[in-house]
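Work through the exercises below with the sequence and the structure at hand. Try each task before reading its solution.

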Amino acid sequence: MDYLLHILILVCIYSVLAVSLDLLAGHTGLLSMAHGAFYGLGAYTSALLALRLGSPFLVGTLLGMLVGALLSLVVSLPSLRLRGDYFVIATFGFQMIVWGVFNNWTEVTRGPLGIPGIPQPAVFGWVIKSHAGFMVLAALLAVLAHWVVGRITGSPFGRVLRAIREDELLAQSLGKNVFRFKVSAFAVSAALAAMAGSLYAHYVTFIDPTSFTVMESILVISMVIIGGAGSPWGPLIGTTMLVVLPEALRFLGFPSSVAANMRQIFYGVLLVVMMMGRPRGLVGRYGFSR
Amino acid sequence: MFPQLLANALIAASIYGLVALGFGLIYSTTRFFHFAHGAIYTSAAYLGFLFAVWCGFRFPLAFTLAIGAASLLGVLIEIGVYRRLRRNNATSIVLLLSSLGVLIAAQNSLSLTFGDSSKSLHRGIAGEALQLWGARITSLQLTMIVVSFALWLLTWVLIRFTRLGRMIRAVGNDPELSRVVGVDADKVIVVVYAWGSGLAAAAAILAALDTDMTPMIGFNALLVGVVAAIVGGIGSIQGSLLGALLVGLAQHLGVWKLPTQWQDAIVFLTLLIFLLLRPQGFLGRPIRKAEV
């Protein structure tokens with residue numbers, strides 16, 4: 001039972017990452033490879049605040065989101081002027097630098113040793129200890145993230161984002177401040193990714209840099225693309241597929257080291273197959289083409 | 001201290017330079033970031049290990065086979081994946097994503113086959129250490145630099161002065177137009193993938209002779225190689241050399257003041273600074289926004 005709940009909690013956490021990336025990649029057309037970095041920023045901020053200052057879960061999460069949003073400016077302000085694939089490379093660079101900081105700034109992050117003993121979350125005085133309790137919290141935050149992204153993309157603001165995705169020059173010629181729209185979308189997306197990070201840190205109670213690598217970013221991108229970019233349910237479907245299906249490998253009797261590789265081969269191949277056969281993903285509306 | 005750091009930078013640059021050269025050549029012909037280049041690199045090193053250690057072939061034979069097989073792999077990726085995508089008018093982002101998929105699948109297949117523990121090709125062939133202007137450098141490392149420079153020179157001559165090179169530049173410039181004048185773009189692109197992959201494979205073998213290999217080497221070499229290519233000016237042959245030297249210097253001179261583990265962060269900081277101030281790199285032509 002706990003195992004089943006564990007899978008569901010992972011689906012919730014990753015669906016927050018996927019839906020927030022979709023705001024940026026699917027709706028605005030900006031493929032970011034830095035989502036793992038923002039995920040990690042949320043996790044480290046919240047974990048360190050909880051351990052050093054004893055701050056409660058919600059405060060840590062909010063501050064983590066703030067850090068994510070602020071640092072998103074560091075990457076979005078300079079690199080949003082770059083076109084398609086150069087933007088990808090710039091976010092890639094940011095991801096590598098942030099990861100380097102997690103791994104090397106040992107005075108604060110303890111580097112590869114990681115941070116153990118992160119307290120379990122307490123919401124309004126109620127300490128969540130059981131898997132079931134955490135499941136409720138994770139589900140609530142996942143619903144919140146989906147609701148926020150849904151509200152944004154359903155609003156006139158979201159319509160402008162999609163206009164930018166389809167034709168940036170046209171959106172600009174209609175008097176939209178394209179740059180500001182992109183920066184805001186990036187900040188919201190980064191803050192939501194940081195929220196997922198905080199949730200993750202307080203769930204597993206131990207974090208180290210290996211959870212926030214560029215491979216993690218690519219995994220989230222795959223979730224969005226395989227499920228379908230720019231659609232309300234695509235990211236959730238992609239997340240569920242990529243979290244649940246590899247777990248099935250365990251039941252087929254593969255040892256966990258082999259299963260880890262198989263899982264990555266699985267989503268690597270799936271990414272190629274999708275791009276060749278169905279670039280819009282399973283239920284998506286946007287195929288990174290024009 | 002200083003001459004040694006300079007020598008280390010040069011040795012590193014000889015590897016990055018070849019990766020960047022192949023990557024840039026492929027970019028300037030097909031106009032997208034071919035991340036699976038890293039998979040070719042790793043495959044070449046492990047194929048070298050397979051032929052030399054498992055099959056027990058002599059080094060020259062083993063390495064020729066490994067480089068040949070790796071460049072064939074590059075061609076297969078082009079024909080099996082990229083060409084089909086291009087037929088569907090895929091954007092450069094779609095091509096980039098699919099090449100990421102290839103990279104991840106290939107890297108993990110290698111790690112499944114050979115395991116994650118580090119493998120080594122070098123059985124006491126590093127040669128004796130030479131003292132050059134106060135720097136210690138093994139004869140193997142000197143060979144790396146010489147071979148790398150020779151391959152760079154060969155590529156430069158090929159692209160600049162031969163008929164084939166003119167065709168390659170033509171396809172990179174305008175595939176449609178080159179088709180009109182009777183250049184078979186698909187064939188030219190296959191040649192580019194074979195040559196570019198061969199360069200990465202040669203770099204991988206050279207590096208594997210000097211240091212151990214793990215399934216991650218290709219990814220790391222690719223990242224630094226991409227930075228070198230962009231910093232130098234992507235698509236420019238002289239740029240790949242210049243970029244590799246600059247990245248090598250940034251990495252190794254940075255170590256003067258900072259602990260070694262910050263090397264990668266320095267490399268990517270260099271990248272971000274370039275993307276911000278001069279996205280076309282040292283020698284590249286300015287990027288026009290209308291080219292989206």
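**Exercise 1. Burial and overall form of chain A**

Task: Find what percentage of the residues of chain A count as buried, and compare the radius of gyration of chain A with that of a compact globule.

Solution. The model is a predicted one. Step 1: a residue is buried if 20 or more other C-beta atoms lie within 10 Å of its own. By this rule, 52% of the 290 residues in chain A are buried. Step 2: a compact globule of 290 residues would have a radius of gyration near 19 Å, and the 18 Å of chain A agrees with this. Step 3: along the principal axes, a box of roughly 55 × 45 × 35 Å holds the C-alpha atoms of chain A. Step 4: take the contacts in chain A with a separation of 6 or more; 75% of them join residues 24 or more positions apart.

**Exercise 2. Elements of chain A and one helix**

Task: Count the helices and strands of chain A, then compare the span of helix α9 of chain A with the expected one.

Solution. Step 1: chain A contains 12 helices and 2 strands. Their order from the N terminus is α-α-α-α-α-β-β-α-α-α-α-α-α-α. Step 2: α9(A) covers residues 178-204, which is 27 residues. The expected span is 1.5 Å times one less than the number of residues. For α9(A) this gives 39 Å, and the distance from its first C-alpha to its last is also close to that, at 39 Å. Step 3: 20 of the 27 residues of α9(A) are buried, so the helix is mostly covered. Step 4: after α9(A) comes T205(A), with a positive phi near 60°.

**Exercise 3. The contact between the chains**

Task: State how many residues each chain gives to the contact and which helix of chain A gives the most.

Solution. Step 1: chain A gives 32 residues and chain B gives 40 residues. Step 2: on the side of chain A that touches chain B, at least two residues come from each of α3 (57-79), α4 (84-104), α10 (214-227) and α12 (256-277). The most come from α4(A), with 12 residues. Step 3: sorted by type, this side of chain A has 21 nonpolar, 9 polar and 2 charged residues.

**Exercise 4. The largest nonpolar core**

Task: Give the number of residues in the largest nonpolar core and follow the contacts of A44(B).

Solution. Step 1: the largest nonpolar core has 200 residues. Among those with the most contacts inside it are V16(A), V19(B) and A44(B). Step 2: helix α8 of chain B (residues 185-210) supplies the largest share of this core, 17 residues. Step 3: leaving aside neighbours within four places in sequence, the contacts of A44(B) include A66(B), I67(B), A70(B), A200(B) and I205(B). In general, nonpolar side chains in soluble globular proteins tend to be buried together.

Note on methods: Residues numbered from 1 in each chain as written. Chains lettered and ligands numbered in written order. Predicted model: local features only at pLDDT ≥ 70, side-chain atom pairs only at ≥ 80, totals over all residues. Contact = placed C-beta atoms within 7 Å. Helix = DSSP H or I, 4+ residues; strand = E, 2+ residues; numbered from the N terminus. Nonpolar A, V, L, I, M, F, W, Y, C, P; charged D, E, K, R; others polar. Buried ≥ 20, exposed ≤ 12 C-beta atoms within 10 Å, placed from the backbone. Core = buried A, V, L, I, M, F, W, Y, C linked by C-beta atoms within 7 Å. Rg over C-alpha atoms; globule rule 2.2 N^0.38 Å.
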